[in-house]
Amino acid sequence: MKNLVLNGVSRVFSGEDEREVEALFNLDIKFSAGEFVSIIGPTGCGKTTLLRLISGLEPLTSGQILIDDKLVKGLNRACTLVFQQFSLFPWFSVLGNVTFALEMKGIDKSRQHQEASALLKLVGLEGAAKARPYELSGGMQQRVAIARALAYDPEILLMDEPFGALDEKTRHKLQDVLLDIWQEKRKTILFVTHNIDEAVYLADRIVVMAAEPGRVVKDIPITLPRPRNRLSEEFTELHIRIRNLIEIPG
Amino acid sequence: MNRLFRALQGFILPVLFLVVWEVWAVRLDNPALVPRVEAVLGVLFHPFSELIGTGTLAWNTAVSLFRVLFGFTIAVILCVPLGLCMGTSQTVFRLVNPLVELFRPLCPIAWIPFAMAFFGVTRVPQLFGVRYSDTILDSVQVGMVFIIFWGGLFPILLNTIYGVTGVRSLWIETARTLGATRRRIFRNVILPAALPAIMTGLRVGLGISWMVIIAAEMLPGSDSGIGYLIMYSYELAEMQILVASMVVIGLIGLALNRGLELVSLRVSRWQPLER
């Protein structure tokens with residue numbers, strides 16, 4: 001189990017007319033092992049950039065990312081990233097997408113099939129192993145993407161609006177699937193979303209961000225017992241509180 | 001019934017064309033200008049009989065086909081890897097692209113006189129110090145291989161580059177966050193993702209190679225091949241052979257395209273459904 005610490009992390013993009021955009025400015029956040037954290041904020045607050053920095057896909061402009069006090073350089077091997085959509089490899093079958101990650105992890109060929117099947121079962125897709133990604137609905141594709149990310153067996157699972165392109169019913173279903181997986185595997189999950197309801201339903205803790213420059217405005221622990229009731233008073237209260245934080249520029 | 005009719009639709013115009021042709025040939029009654037359909041079919045249905053001292057129709061077809069496959073294979077072996085390098089490396093692209101842009105507007109046929117002057121009638125076995133190998137290679141002139149190579153070069157190269165640069169960055173980033181090495185990304189992501197475009201390049205390239213070999217064979221100094229047969233039968237006013245040769249060119253071109261299309265469909269099954 002690993003703790004993830006961000007120390008004074010900034011990311012500056014230089015725009016076309018030499019104008020510099022501070023996508024993220026001086027972030028200090030600590031994520032504890034096994035925590036489920038939702039990151040929420042308006043468009044342009046740098047929440048996607050934050051995940052890309054943590055994963056190592058993009059370099060920091062300044063600051064440090066530490067995992068258990070060890071500095072992360074280049075790609076972060078402790079993480080993998082689940083994108084919003086269309087990230088499956090269409091030339092592989094569903095099973096092939098999952099075994100790809102197992103292979104990268106160096107899992108023995110003879111065990112790949114069995115492990116991939118187990119992961120597909122975990123996300124409720126045991127019958128679709130031979131299907132091609134384009135034959136699946138958007139929700140099923142995201143299940144495969146999650147299974148593939150789990151195959152890499154990361155300490156930290158980064159998710160960038162993974163259910164953002166799904167209809168509400170499918171989204172609710174997948175939220176429950178994700179919570180079950182989280183409870184079984186005890187991974188740290190950083191879950192970026194723009195959906196307040198989703199953030200409150202899922203997380204132990206919500207990091208609220210604001211734009212220009214991208215920064216953290218509030219860090220709210222969610223102590224509601226699970227399974228959470230979206231219609232309860234406490235849930236609604238939190239929802240309104242977070243909405244006010246996002247809408248009123250801090 | 002409906003399906004049968006639809007299948008037959010494709011035959012209506014060709015049959016009509018043949019009927020008009022036949023009526024025209026009979027009315028004109030000049031086989032040195034317009035041969036009768038049955039005369040052309042006669043040539044086509046006897047591919048192994050000797051024609052006007054140039055070998056058989058089958059032999060000449062085989063020679064042309066062999067030349068094309070020879071030059072085309074070289075083009076594939078050189079241009080696909082070069083395209084992959086140019087597509088993945090900015091440096092290689094900047095180095096090579098000016099030359100590509102410079103030569104691209106030159107129609108491959110414009111290279112024929114150059115190739116004739118440069119290579120003369122040198123045959124491929126001679127490159128290896130053998131005068132006659134007693135194989136079909138004796139009919140493959142270096143100059144012709146050169147022309148075919150140029151015919152295939154740009155479609156293959158440009159489509160390969162296009163295929164590689166068009167690979168969705170999301171796929172590459174996904175592979176990277178799953179711990180894939182550059183080599184694995186190349187093999188398991190870039191290559192399969194670019195394959196449909198590469199196959200398109202091969203199809204277009206093979207089509208052009210087939211077109212230009214016919215042109216190359218029509219030039220002086222040529223001694224066999226389907227293009228040569230066309231020119232020679234023209235000189236002897238054997239129009240049924242000329243027309244039969246043209247039919248063969250069309251059919252072979254069609255078959256080559258269909259063959260690659262089948263392979264292409266296999267590797268790019270995911271593509272149209274993906275978007």
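**Entry 1: second largest pocket**

I began with the second largest pocket, to whose lining α1 (2-28), α2 (37-44) and α11 (239-267) of chain B each supply at least two residues; helices here are DSSP runs (H or I, at least four residues) and strands are DSSP runs too (E, at least two), numbered from the N terminus. I note that the model is predicted, that local features need pLDDT of at least 70 and side-chain atom pairs pLDDT 80 or more, while totals for chains, interfaces and linings use all residues. Residues are numbered from 1 along each chain as its sequence is written, chains are lettered from A and ligands numbered from 1 in the order in which they are written, and side-chain values use heavy atoms, with hydrogens and water left out.

The volume I noted for the second largest pocket is about 390 Å³, a volume being the space filled by probe spheres set on grid points that are joined across faces, edges and corners. A pocket is found on a 1 Å grid over the protein atoms alone, as an open set of points with protein on both sides within 12 Å along at least five of seven lines, whereas a cavity is a set of points where a 1.4 Å probe fits but cannot get out; lining residues have an atom within 4 Å of a point.

Of the 13 residues that line the second largest pocket, B:F17, B:L18, B:V40, B:L44 and B:V247 lie nearest its centre, and α11(B) gives the most to this lining, with 5 residues. I sorted the lining by class into 12 nonpolar, 1 polar and no charged residues, where Ala, Val, Leu, Ile, Met, Phe, Trp, Tyr, Cys and Pro count as nonpolar, Asp, Glu, Lys and Arg as charged, and the others, Gly among them, as polar.

**Entry 2: largest pocket**

I then looked up the largest pocket, which has a volume of about 470 Å³. It is lined by 19 residues, and those closest to its centre are B:T88, B:I172, B:R182, B:I185 and B:I190. Two or more lining residues come from each of α3 (57-88), α4 (90-103), α7 (142-165), α8 (169-177) and α9 (182-217) of chain B, with the largest share, 4 residues, from α9(B). The lining of the largest pocket holds 10 nonpolar, 6 polar and 3 charged residues.

**Entry 3: helix pairs**

For α3(B) and α7(B), I noted that the axes come within 7 Å and cross at roughly 30°, the axes being lines fitted to C-alpha atoms, for helices over the stretch in contact, with angles from 0 to 180 degrees between N-to-C directions. That makes α3(B) roughly parallel to α7(B), since angles under 35 degrees count as roughly parallel, over 145 as roughly antiparallel, 65 to 115 as roughly perpendicular and the rest as oblique.

In chain A, the axes of α2 (residues 94-104) and α3 (residues 109-122) come within 9 Å and cross at roughly 120°, and α2(A) and α3(A) are therefore oblique to each other. Their contact has 7 nonpolar, 4 polar and 3 charged residues.
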